[in-house]
Amino acid sequence: TMLPRCAFSVCHVFVLVLCLSSAEDIDWTKNDHSSFYYGTFPAGFSWGAGSSAYQTEGAWDKDGKGLSIWDVFSHKKGKIQQNDTGDSSCEGYHKVKDDVSLMKELKLNHYRFSISWPRLIPTGIKSDHINEKGIQYYDGLIDQLLESKITPVVTLYHWDLPQVLQEKYGGWQNISLVNHFNEFANLCFERFGNRVKYWMTFNNPWSVAVEGYETGEHAPGLRLRGTGAYRAAHHIIKAHAKVWHTYDTQWRAKQKGLVGISLSGDWGEPVDMSNQKDIEAAERYVQFYLGWFATPIFHGDYPQVMKDFIGRKSVQQGLGTSRLPTFSTQEKSYIKGTCDFLGIGHFTTRYITQKNNPSGRSSSSSYFTDRDLAELVDPRWPDPGSEWLYSVPWGFRRLLNFVKIQYGNPMIYVTENGVSEKMLCTELCDDWRIQYYKDYINEMLKAIKDGVNVKGYTAWSLLDKFEWDEGYSERFGLYYVDFRNKNKPRYPKASVQFYKRVISSNGFPNQREVENWRRKAIETCSSSNQLLAAEEQRSTAANILRLIHDPLTSHMEMVTEIVVPTVCTLSILLSAVFLMFLLRRRN
Ligand code: BGC
């Protein structure tokens with residue numbers, strides 16, 4: 001999940017009904033929020049879908065894979081909804097062929113996936129051991145994609161740190177991870193770089209830092225409030241820069257690929273556009289989120305506002321130095337400019353207002369209180385799935401324009417965008433997801449017209465999958481996965497039909513056609529819905545039958561295990577006796 005629960009309770013208390021119409025301001029937001037823009041994307045725009053290793057592969061202990069912090073975390077009781085784990089998940093490890101054919105069905109240009117570090121290097125330390133079976137798995141996946149003319153877009157770290165590195169060093173709290181990560185990345189460039197040309201070092205490091213080391217909702221589950229997240233982020237940024245330099249100096253000339261990072265960011269909109277304090281608070285929200293990572297990578301250092309706020313609060317708390325670590329001059333120039341393209345993951349938006357948090361000696365510090373703001377939501381925003389995920393398409397356009405302005409119009413790939421549903425029952429007719437994709441993709445198109453340099457879009461996600469601390473209770477997939485069935489069959493939701501049309505038309509040709517796509521998608525899904533419902537009934541019935549038959553099965557086992565050998569031994573004995581008898585008579 002993107003936001004910790006404590007933040008939600010705050011924002012629910014502050015839920016406001018707001019007057020949206022007064023919120024119009026600078027040039028690129030002149031268009032009415034609700035107007036739909038018919039038009040197409042630039043030629044060569046890349047359409048994709050995504051996944052990550054721990055969320056889909058399963059095979060957590062197969063073929064020599066080492067443990068990751070998520071294996072260990074999810075096996076602890078009480079950490080994940082329903083105590084779900086990623087042990088088998090979608091069985092993606094065994095279903096490469098099937099999944100690539102789903103991608104072909106969608107006519108995807110690219111597929112974004114992540115490499116499991118402990119599958120390649122079981123302890124995380126390269127000099128210990130390289131697991132060739134793990135290499136073979138990704139070789140196979142990459143080759144299948146290329147055969148199908150689908151570009152692989154690879155994330156090196158989507159949260160599944162080798163457990164040994166957590167136990168030995170404290171994970172991202174420790175600077176030594178920079179080198180270990182660099183060796184892992186280097187191995188990936190060496191083995192896959194002849195075929196992979198788009199690399200991302202980290203996925204959503206904000207979550208790793210805040211949810212892994214501040215709130216503890218994610219693995220490794222540490223609660224080092226006010227310091228842990230900043231330390232983790234500091235080392236992650238250094239690790240990112242090091243890997244970019246490794247590629248730049250050792251591989252770029254030969255392999256001619258690109259190395260970026262995938263950052264997540266919600267948009268923050270001031271509650272009251274006429275209130276300077278709210279405007280600043282909203283800016284802070286975005287700087288503490290996206291800017292925390294993007295500013296060092298593009299400009300060499302943390303956002304000024306983070307340095308100011310955390311520094312001031314640290315002094316008030318009686319600390320000698322800021323809880324936000326500092327980069328040396330050398331480090332700043334080493335980190336600055338280490339991004340060939342920027343990956344953006346974006347799902348939702350918040351209204352932001354100024355709110356002072358006390359920061360005296362006795363007050364407890366945290367990333368959240370450091371920001372001096374409150375998050376609010378408009379109760380009219382659609383909220384179909386995850387608690388934190390409100391559909392606010394116009395926030396996407398604003399975020400993309402923010403990136404353009406702040407970081408010098410970098411090349412952008414949207415690496416994650418999508419919506420979940422909270423239904424455990426069969427539902428393939430996901431009209432609200434069609435709506436979400438339609439509107440968010442349209443706001444991205446408007447952003448491109450504003451001059452934002454977006455080169456590709458990745459729907460999140462291809463399949464329903466393990467949603468971290470939410471387990472399987474939230475479904476983000478274009479394809480529905482029946483997790484109760486051991487074979488984990490996939491079924492297309494209506495959004496598959498819709499997204500497919502967007503891809504084949506490279507945008508939205510005109511109103512009539514787009515409405516048609518939607519109508520047709522809903523028509524087809526109702527029949528697949530019935531099929532799936534029937535299949536589920538059948539498998540439930542099969543399960544019941546299996547239960548009834550259990551005593552019979554164990555009886556059969558007894559027959560093979562005890563009766564058969566006994567009968568065999570007896571007959572051998574009998575024949576021996578008979579033989580001896582015969583021989584005696586001859587004599
Ligand atoms: C993560 C994904 C996750 C999504 C929805 C993103 O920030 O990178 O792995 O599925 O949030 O929770």
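In these legends, contact means that heavy atoms lie within 4.5 Å of each other. The model is predicted, so that local features need pLDDT of at least 70 and side-chain atom pairs count only at pLDDT 80 or more, whereas totals for chains, interfaces and linings use all residues. Residues are numbered from 1 along each chain as its sequence is written, and side-chain values use heavy atoms, with hydrogens and water left out.

Figure 1. Thr56 has its place in helix α2, which spans residues 53-56; helices (H or I, at least four residues) and strands (E, at least two) are DSSP runs numbered from the N terminus. Thr56 counts as buried because its relative accessibility is 9%, where buried means under 20% relative accessible area, exposed over 50% and partly exposed in between (1.4 Å probe, protein chains only). When residues up to four places away in sequence are not counted, Thr56 touches Ser51, Ser88, Ser89, Cys90, Glu91, Gly92 and Lys465.

Figure 2. Around the ligand are 14 residues, of which Gln55, Asn203, Glu416, Trp460 and Glu467 come nearest; a residue is near a molecule if one of its heavy atoms lies within 4 Å of it. By class, the shell has seven nonpolar, four polar and three charged residues, where Ala, Val, Leu, Ile, Met, Phe, Trp, Tyr, Cys and Pro count as nonpolar, Asp, Glu, Lys and Arg as charged, and the others, Gly among them, as polar.

**Figure 3. Ser262 in strand β6.** Ser262 lies in strand β6, residues 258-264, and is buried because its relative accessible area is 0%. Leaving aside neighbours within four places in sequence, the contacts of Ser262 include Asn203, Pro205, Gly343 and Thr415. Ser262 and Gly345 are 83 residues apart along the chain, yet their C-alpha atoms are separated by 6.7 Å.

**Figure 4. Helix α9.** Helix α9, residues 205-213, is largely enclosed by the rest of the structure because nine of its nine residues are buried. Among these buried residues of α9 are Pro205, Trp206, Glu211 and Tyr213.

**Figure 5. Lys332 in helix α13.** Lys332 belongs to helix α13, residues 329-335, and is partly exposed because its relative accessible area is 30%. Beyond four places in sequence, Lys332 touches Gly300, Asp301 and Phe327. Lys332 and Asp301 are 31 residues apart in sequence and 6.1 Å apart in space, C-alpha to C-alpha.

**Figure 6. Met444 in the largest nonpolar core.** The largest nonpolar core holds 155 residues, of which Trp172, Trp199, Trp292 and Met444 touch the most other members; such a core is a set of buried Ala, Val, Leu, Ile, Met, Phe, Trp, Tyr and Cys residues joined through side-chain atoms within 4.5 Å. Apart from neighbours within four places in sequence, Met444 is in contact with residues including Phe41, Trp47, Phe396, Val414 and Tyr457. In the protein chain, which has 587 residues, 57% count as buried.
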